[in-house]
Amino acid sequence: MSQTSNGDSPNHHHLLIIGTGPAGLTAALYASRANLAPLILEGNQPGGQLTITTDVENYPGFPEGIMGPELVDKMREQAKRFGAIVKFEEATQVVLDEKPFRVISDEATYTCDALIVSTGATAKLLGLESESHLMGYGVSACATCDGFFFKDKEVVVIGGGDSAMEEATYLTRFCSKVTVVHRREELRASKIMQDRALKNEKIAWQWNQQLVEVLGSREKGVHGVKLQNTQTGEETTYPCQGLFLAIGHKPNTEVFEGLLDMDDAGYLKVDSPSTHTNVEGVFAAGDVMDPTYRQAVTAAGSGCQAAIDAERWLEAQEA
Ligand code: NAP
């Protein structure tokens with residue numbers, strides 16, 4: 001199969017992949033080894049969520065663990081070695097009711113015969129005015145990106161899932177005290193992550209508490225949080241110099257609204273166990289279609305499936 005179905009149009013590709021987390025890069029690896037020379041648009045967070053992770057200890061093949069950004073760099077190099085074309089551009093609009101499909105980025109318009117959507121998911125926020133006002137001024141949704149700025153400071157982490165446990169544990173490397181604020185008195189996190197956090201002497205706990213306001217200013221940063229007890233309604237002020245949100249993620253599917261079938265939370269629906277979406281020739285892989293597992297290795301696995309599905313679908317079209 002040639003690189004482009006229309007040799008006159010350098011902006012046409014048999015296969016275009018949106019997103020370069022483990023799903024997109026694994027899809028790119030398989031598709032490029034199938035001689036499809038896919039074009040991959042990186043989006044505004046090249047490498048996806050792995051780039052804001054430190055030690056990845058559960059990706060097979062790295063018994064000592066590997067840093068998230070390094071893992072992504074290796075995946076990208078591996079895909080490029082077989083002819084994948086990677087561009088640092090963000091897809092801002094797609095047209096899926098015409099063939100070839102059109103993908104409009106912040107730099108160019110591309111057409112493609114098949115499309116893999118692997119745009120991942122992004123951290124959720126609480127939606128408080130003080131939270132957005134102080135974002136970047138003491139409030140963060142990424143401990144691995146910003147933890148270093150809170151050296152010897154006291155910080156609060158919101159959430160009770162694996163992300164909250166991971167971020168709280170990570171922050172104890174820098175901070176003098178980390179307090180996990182959770183709205184219930186039972187953690188959602190996996191046993192191993194809970195145990196690690198519960199054993200950590202630098203981590204304190206505030207159970208049955210909901211954040212209602214972040215206290216501080218852009219000039220002076222955060223000096224505390226206002227919490228409300230979810231059982232009694234009582235409000236208290238808790239001192240801290242930093243706040244980290246770790247309350248889950250939202251799939252990055254805005255560009256596909258009204259075009260591809262999604263569930264209520266915005267995750268793309270696929271014809272499971274395949275990666276086919278409701279539009280023929282459009283496939284989805286990784287966290288954008290997976291509210292359940294959300295692991296680098298499962299994302300990579302579904303990226304592989306999407307590339308194989310796309311390759312077979314393209315072959316069937318040619319036949
Ligand atoms: P999650 O499992 O959905 O947990 C979100 C947490 O935030 C829950 O404890 C939830 O409280 C709380 N929360 C949600 N909305 C809130 C709100 N408005 N106010 C206060 N609290 C709120 O999300 P996650 O921790 O990001 O994990 C998602 C998936 O990724 C999981 O499958 C997890 O296993 C996986 N993950 C794995 C690792 C790892 O293995 N290294 C690391 C990170 C994530 P409730 O419990 O009351 O609902």
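1. Gln210 stands opposite Gln228 in strand 15, and this places the pair within the antiparallel pairing of strand 14 (residues 209-217) with strand 15 (residues 221-229), which extends over eight bridges. Further along, Leu215 faces Gly224 of strand 15, and the two strands make a hairpin with three residues between them. Strands here are DSSP runs of E with at least two residues, helices are runs of H or I with at least four residues, and both are numbered from the N terminus; two strands count as paired if DSSP finds at least two bridges between them.

2. A word on the basis of these remarks: the model is predicted, local features need pLDDT of at least 70, side-chain atom pairs count only at pLDDT 80 or more, and totals for chains, interfaces and linings use all residues. Residues are numbered from 1 along each chain as its sequence is written, and side-chain values use heavy atoms, with hydrogens and water left out.

3. A second open sheet has five strands, in the order 10-17-11-12-13, and its pairing is parallel. Its edges are strand 10 (139-140) and strand 13 (203-206), each of which has a single partner strand, so that one side of each is left without a neighbour in the sheet. Strand 12 (residues 177-181) is joined to strand 13 by four bridges, the two running parallel, and Thr179 stands opposite Ala204 in strand 13.

4. Helix 5 (residues 162-171) lies across strand 11 (154-158), strand 12, strand 13 and strand 17 (242-245), and its direction is at about 170° to that of strand 11. For such angles, axes are lines fitted to C-alpha atoms, for helices over the stretch in contact, and the angles run from 0 to 180 degrees between N-to-C directions; contact itself means heavy atoms within 4.5 Å.

5. The chain is divided into domain 1 (12-123 + 249-318) and domain 2 (129-245), with bounds that come from an automatic or database domain assignment. The contact between them takes seven residues from domain 1 and eight residues from domain 2, while the domain centres, taken over C-alpha atoms, are separated by 32 Å. The area buried between the two domains is about 510 Å², and carbon and sulfur atoms give 51% of that area; buried area is the accessible area (1.4 Å probe) that two parts lose on being put together, summed over both.

6. What does the rule find across the interface of domain 1 and domain 2 in the way of salt bridges? There is one salt bridge across this interface, where a salt bridge is a side-chain nitrogen of Lys or Arg within 4 Å of a carboxyl oxygen of Asp or Glu.

7. Eight salt bridges are found in a search of the whole structure. In one of them, Glu42 pairs with Arg76, the closest N and O atoms being 3.1 Å apart. Glu42 lies in the loop between strand 2 (39-41) and strand 3 (55-56) and Arg76 in helix 2 (residues 68-81), so this pair ties together parts that are 34 residues apart in sequence. The side chains of Glu57 and Arg196 also meet in a salt bridge, at 3.9 Å from N to O.

8. Strand 6 (91-95) and strand 7 (101-105) have Pro100 in the loop between them, and the peptide bond leading from Lys99 to Pro100 is cis, with omega near -5°. These two strands pair in the antiparallel sense over four bridges and form a hairpin with five residues between them; Val95 stands opposite Arg102 in strand 7.

9. Two further backbone features deserve a look when the loops are inspected. The peptide bond from Ser272 to Pro273 is cis, with omega near 10°, and Pro273 lies in the loop between strand 18 (249-251) and strand 19 (282-284). Ala37, in the loop between helix 1 (22-33) and strand 2, has phi near 40°, a positive value in a residue other than glycine.
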